[in-house]
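This report goes through a protein model by residue, by helix pair and by confidence. Please have the sequence and structure open while reading.

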Amino acid sequence: MHYDILHSAGHAFLIILDPTRLGLLFGGVCMGLALGILPGIGGVAGMALLLPFTYHMDPNAAFALLLGLGSTTTTADPISAIVLGAPGHAASAATVLDGFPMTKQGIGGRALGASYMSALMGGLFGALLMALAIPLLRPIILYMGSPELLAFSLLGMAMVAVLSGNTPLRGLTAACFGVMISMIGSDPQTGTLRWTMDSLYLSDGLPLVPATLGLYALPELCDLAVSRSSIAAEGLKVDTRTGLLQGARDCFSNWFLVLRCSWIGAGLGTIPGIGGSVIDWVSYGHALRTEKGATQSFGTGDVRGVIAAESASNAKEGGNLVPTVAFGVPGTAGMAILLGAFLIQGLVPGPEMLTKNLDLTYSMVWSIAIANVLGSGLCFLFSGQFAKLATLRYTLIMPAVLGLVYVGAFEGTRQWGDLFALLFFGLLGWSMKHAKWPRPPLILGLILGSTLERYLFVSTERYGWGGWVTRPVVLIILGVALLGLVRSFVADIRQHGGFKGMAQGFAHPRFQPGNLFPAFLLCLMGVMVAQATQWNFNAKIGPLSVGFAGLLFCAVSFVNEVFRRKAMKPATVGAAAAPISEIEATTGKSVKGQEGKIHMDIPSALAHLPGRTVLFRGLIFFGWMVGFMGSMALIGLIPTVPIFIIAYMRLEGRERWSLVLPFAVIMAVFIYAVFDQLLAVPWPPTVLGAVFPDLRGYVPSL
């Protein structure tokens, strides 16, 4: 048996070294890196685009091309996350927390170097795990039923919620709100339309892409526009040479962290339904809990945060292949497309892939390993140029990135609703950032909400309430989740003198601008819960359970803020009240080493600006967004891009025409070539196209 495995692994390596297959693998890597850099355009779209081209390829070449692309999209993800503060995709959101602050400090090259090396090490570990685990994990994976998957989802929610620094109630509130948002649309069990406001767009639920871009990309771009400076602090030089090598050395210095997080990523990747959007947060939370001094330094530019997120993110690719190849159960959307390639090639996932087609299985392992080496190598070669983006003026960065963000958001469902969702979540994300409310729990709730409800329904229908909860693995997982929740609150209570110290902290109510957001959230969730009470039982049991919990957490947090003895520093829109814990809000006491610390989110750097200035410039930024959407509705996206770039660069930055015009033309041609011609995006109808239909054949996206 062992000889057969070694022989198959060696033969598979020779197969992949064939020049044609190696060339296809390299082409897939290049496309994966390009798609990873673009915000909102992920490997799933790229794999779907390449799938038709694999019809006439041999299986080894087809999987080399597809896995070359799928394995390296996450390698390039950190470029926009670290340099621009805009996560290319949900899986790189955790990288922003420490990578973007490092760029602002002028050491973006070090963050990039750490991300590439940890991605390489994690990717190789994931490939190794797949090579060793496929023949061994079959009984374990077959044991995982809906109760275990539900428990894992709850564990991920609990970890991120309680790791919202010293504001666990805010984290839990945001997580519950995210779950409620995920339930918008048609109830899968009864068909009841929930919170759709009679909108056809909302009947299928809110897509993840515009929500992620709105919550993470737009607030950072807005703050960049408000500060009216480059991403890196003025006078700082972004380290693009020695920084890369230092980042790589950081990975070797923290090799045990890389190993642990790679194991988390690869292990959770083998479980269907646990996507990369969850894995990197779980890994980041593990590092925050276990690394020395992490509670004080994570979120401010600690390279270990980048290492933890990226090593797990790339390691998951090898783990994702295990259930896909061994059982035909795709764990992610990308693996579902890969399963389509199996069918195209006439292959059946399952025992045959571990016996008759073992060579092909291990050629996939080698494809992942080699793709990670090539992808990380290319990123090391060219990342210096990417890091230099941080030194550019905001008027040179903003129009290009905003154009790509719009296109990326439109890829959600390719409807106008995607752009309205982008604007809504952008405003929500900016408000949360300046009110010091953590965003990661909200996006995680949005990702896991439908999964939680589906697994809960299946588990209770099949096992009953008492049956699924008492399963041994479920009890262990739920125990770990509960322990994490309890530890956070107990630690906070002890730091403030117990319940007696908390009780002494109450005073007369003092309402401040920083309380506006929790008040808004409390009202919004109250309205949603009131509407949910009118649905039938099966449709409302999930929303009401989550809604009442969210209302409780939000109400307690709101009361603590309003009735605290010692007020925060004056809260403004740009310099929101100094972040304090819920218990600190009631006692007025400050925890040494915890002041201003909200983990797992990006703090605002606009405290030096007056609140009115921040609010006014922020409204201008969102006004530009509304103007972009209006022009897009009138004449289409592609003609809007050059007009927007010219207007923004001339009015905001007084840039010279010799720079503005070529930039506008290049961006318009790029979007036209990639999205109109290559991806054939079906653009929404426009007013001009409806009035003059003959122009549609001459003006792209009209």
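In which helix is Leu544 found?

## Leu544

Leu544 is found in helix H25, which covers residues 537-562. The structure is a predicted model, and the values below should be read on that basis.

Is Leu544 buried or exposed? Its relative accessible area is 13%. Leu544 counts as buried because that value of 13% falls under the 20% cut-off. Leaving aside residues up to four places away in sequence, Leu544 touches Val529, Ala532 and Thr533. The C-alpha atom of Leu544 is 9.0 Å from that of Met180, although the two residues are 364 residues apart along the chain.

## Thr72

Thr72 belongs to helix H4, residues 59-83. Thr72 is buried, and its relative accessible area is 0%. With residues up to four places away in sequence left out, the residues touched by Thr72 are Gly28, Val29, Gly32, Leu33, Ala371 and Gly375.

Which backbone oxygen lies 2.7 Å from a polar atom of the side chain of Thr72? The backbone oxygen of Gly68 does. The side chain of Thr72 also reaches the backbone oxygen of Val29, at 3.5 Å. Val29 is also one of the residues that Thr72 touches.

## Packing of H20 and H27

Two packed helices are described by the angle between their axes and the distance between the axes. For helix H20 (residues 416-434) and helix H27 (residues 611-635), the angle is about 175 degrees and the axes are 11 Å apart. H20 is therefore roughly antiparallel to H27, as an angle over 145 degrees counts as such.

On the H20 side, the contact is made by Trp416, Leu419, Phe420, Leu422, Leu423, Gly426, Leu427 and Trp430. H27 contributes Val614, Gly618, Phe622, Met625, Val626, Met629, Met632 and Ala633. How many nonpolar, polar and charged residues does the contact of H20 with H27 have? There are 14 nonpolar residues and two polar ones, with no charged residues.

## Confidence

The mean pLDDT of the protein is 77, and 78% of its residues reach 70 or more. Among the elements of the protein, helix H24 (residues 516-532) has the highest mean pLDDT, 90. The lowest, 33, is that of helix H26 (residues 582-587).

Conventions: Residues are numbered from 1 along each chain as its sequence is written. This is a predicted model: local features need pLDDT of at least 70, side-chain atom pairs count only at pLDDT 80 or more; totals for chains, interfaces and linings use all residues. Side-chain values use heavy atoms; hydrogens and water are left out. Helices (H or I, at least four residues) and strands (E, at least two) are DSSP runs, numbered from the N terminus. Buried means under 20% relative accessible area, exposed over 50%, partly exposed in between (1.4 Å probe, protein chains only). A polar contact is a pair of N or O atoms within 3.5 Å; within protein, one must be able to donate a hydrogen and the other to accept it, and residues adjacent in sequence count only if both atoms are side-chain atoms. Contact means heavy atoms within 4.5 Å. pLDDT is the predictor's confidence in each residue, from 0 to 100. Axes are lines fitted to C-alpha atoms, for helices over the stretch in contact, and angles run from 0 to 180 degrees between N-to-C directions. Angles under 35 degrees count as roughly parallel, over 145 as roughly antiparallel, 65 to 115 as roughly perpendicular and the rest as oblique. Ala, Val, Leu, Ile, Met, Phe, Trp, Tyr, Cys and Pro count as nonpolar, Asp, Glu, Lys and Arg as charged, and the others, Gly among them, as polar.
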